[in-house]
Amino acid sequence: MKYNRLYLLIVSFAICYIAAFAQIHNPVKWATEIKMTDDTHGVINMKATIDAGWHMYATDIPQGGPQPTTVEWNTLDGVKLDGKISSSKKPVESFDKNFDMTLKWWESNVILSQKFTVTAPQYSIKGNIRFMSCNDKQCNSPETEPITFTGKAAAAVTPQEDATAPETTDDEVVATDTNTPTDTVAETIQPATQEPVNSSADTWAPVKVDNGVASDTSAGSASSLWMIFLACFGGGLLALLTPCVWPIIPMTVSFFLKKSGSRGKSIRNAVTYGISIIVIYVALGLIVTAAFGASSLNAIATNAVCNLIFFALLVVFAWSFFGAFEIKLPESWSNKMDDAAEKTTGLLSIFFMAFTLAIVSFSCTGPIIGTLLVEAASQGSNVGPAVGMLGFSMALAIPFTLFALFPSMLKKMPKSGGWMNTVKVLLGFIELALSLKFLSVADLAYGWHILDREVFLVLWIAIFFMLGMYMLGMFRFSSDGEPRSAGVGVTRAMIGLVSLAFTMYLIPGLWGAPLRATSAFVPPLYTQDFNLYGEELTEYDDYDKGLEAAARNGKAVFVDFSGYGCVNCRKMDGAVLDKSEVKDLISKEFVTIKLMVDDKTPLDEPRVVEENGKIRELSTKGDLWSYLQRSKFSSNSQPYYVVLNDKGQLLSGPFTYDENVEAFKQFLNKGLEHAK
């Protein structure tokens, strides 16, 4: 029985696209300076440089609109403000489709100026600029830019009125002049009172990330892309050995040799054929990225619904490779491509021949392509699908060119036979094992506890034990045909032994062995009930409680923004955080807070926040921790590590994906130095 499952993958990515969110972008850059016009008078200039296509909202914003630009003066020691803040140009007034109303904003750049008079020999000015930016497609959450100036005056005058900020009641913390003219910015005044150490008003306040202490993750990103490329290249090599592709190679090359008339022309045609294959599959990867959005692909890795869909997809793919059914595109598609190849000539004819190959071989390559696209997307890389399809298509195209260059090698090619079905079954076992990784992500996110670490390992042990037994000829599937009396070949026996050896490697994990080679796939150790290999780090899963513990113990805070579906997070756990020297340093010197941004555990009470000019309700712990990362650190990618003090102030970081243990230790030690 044949099924057409072409649209299954497309629908899956479409659902994931709906669930995905955009990456944070900071289109407004600030530069502040202070200029003294004489001995006692000066002006604070705050210049905003706005990226092309973006705008920053002015002060005169109606209710229900975005966050207006305001300045909050927290400390005014030895100075008094003269008048209101003025702007270098009037804001643009236009209809904003983001909020469905007419609003005012600045584009390109604007300078906000505040005049002041010095009233003491020494003065101190501290405050925050509160602003919000949007473009035609999206809005960023309200952001804060700090203002800090101190200085001395040559001749201070004695004021006739109090130069400090006026006292206000709790109900009047922020006072904004709503009648401010359109060419000025409303002044916002706050009393300079000290908040409690661990109040959310302080510890959740946005911080200015110092890129100078951030980890250089370009090497990690490049490494991840190389891993995607190599994995997909290997998938392409396996696809070559399937019954849908292998028999086509000698027929296609022989056709080029006979039709071309000369060896040189046959080589050119074969090279063109190979390039056409690469173009077709890379275009598929680009279409996936363009259709669903690069930033959305980044969110797929931590989306539980998407991971459930991927689990079901891979089980279907594995079942088809076991011979339960065949995944095949409509025959009319291949007939149309074949007709197009016959009616055209030259390079276009060869391109249509390559397209025909892609369609005809889909029953074997489709599940492999689907698995590779899912894996590439789950890595969170913007160009992962395109890089993956480049690797896959290159492996698929190389033999056609190689055999055209050396036609005598065609005679040495292994003949088609039952060994190709063995390759399909091998792929089926691998896809079945990979499917459990995606089910584990959803299980961890929702807290079902149906696939804890020991259950996951038992299933993997069973899968790879059965694979080893199959490769050694201990049993067969109905799709294998009649049993062979010649026994098992050397290659098949070696694969069987490797599978059984891997099974033996997994068994100690049932008693808590780290299994670092599988850390990217196996659930975390804390989900396992029985552990003979020592205690795990004590980790807080609540940000506020972790800061309270740090204040009691006088320690710095190590915050780990992670995700159950984050493959790179699991890699960092196994390759860096589980290293004895790193684990000892963290356990002795830090209070650890680990926040899962895809945790689906409901909050005791939903929290309402304002983000991107709209009111949002945070209903799960993952929602809350994701909002904390976005609002406080202007980031939404994982893994993401920072070192804070017990007041929520940044001491070191951020540090993202980089498996360099020494660099990670330097990041931690820098935080300890700043804490002291």
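User: What is the relative accessible area of L405?
Analyst: L405 has a relative accessible area of 30%, so it counts as partly exposed (from 20% to 50%; under 20% is buried and over 50% exposed, with a 1.4 Å probe and protein chains only). This is a predicted model, in which local features need pLDDT of at least 70 and side-chain atom pairs 80 or more, while totals for chains, interfaces and linings use all residues. Residues are numbered from 1 along each chain, and side-chain values use heavy atoms, without hydrogens and water.

User: And which helix holds L405?
Analyst: L405 belongs to helix α11, which covers residues 384-405 (helices are DSSP runs of H or I with at least four residues, strands runs of E with at least two).

User: What about L457, buried or exposed?
Analyst: L457 is buried, because its relative accessibility is 0%. This leucine sits in helix α13, residues 453-471.

User: Which residues is L457 in contact with, leaving aside its neighbours in sequence?
Analyst: Beyond four places in sequence, L457 is in contact (heavy atoms within 4.5 Å) with L506, G509, L510, L515, V522 and Q528.

User: How far apart in space are L457 and L436?
Analyst: Their C-alpha atoms are 10.0 Å apart, and 21 residues separate L457 and L436 in sequence.

User: Changing topic: what is the order of the five strands in the open sheet?
Analyst: The order is β16-β18-β17-β21-β22, with mixed pairing (strands pair if DSSP finds at least two bridges between them). At the edges are β16 (539-540) and β22 (650-655), each of which pairs on one side only.

User: How many bridges join β17 to β21?
Analyst: Five bridges join β17 (residues 556-562) to β21 (residues 640-644), and the two strands run antiparallel. Within this pairing, V559 has V642 in β21 as its bridge partner.

User: Which strands does helix α15 touch?
Analyst: Helix α15 (residues 543-553) packs on the sheet and touches β16, β17, β18 (590-596) and β21. Helix α16 (residues 567-577) lies across β17, β18, β21 and β22.

User: And the open sheet of four strands, what is its order?
Analyst: That order is β7-β8-β4-β11, and the pairing is antiparallel. Strands β7 (92-96) and β11 (133-134) stand at the edges with a single partner strand each, so one side of each has no neighbour in the sheet.

User: Where is the bridge partner of Y57?
Analyst: Y57 has W105 as its bridge partner, in β8. Three bridges pair β4 (residues 55-57) with β8 (residues 101-107) in the antiparallel sense.

How values were computed. Axes fitted to C-alpha atoms, helices over the stretch in contact; angles between N-to-C directions.
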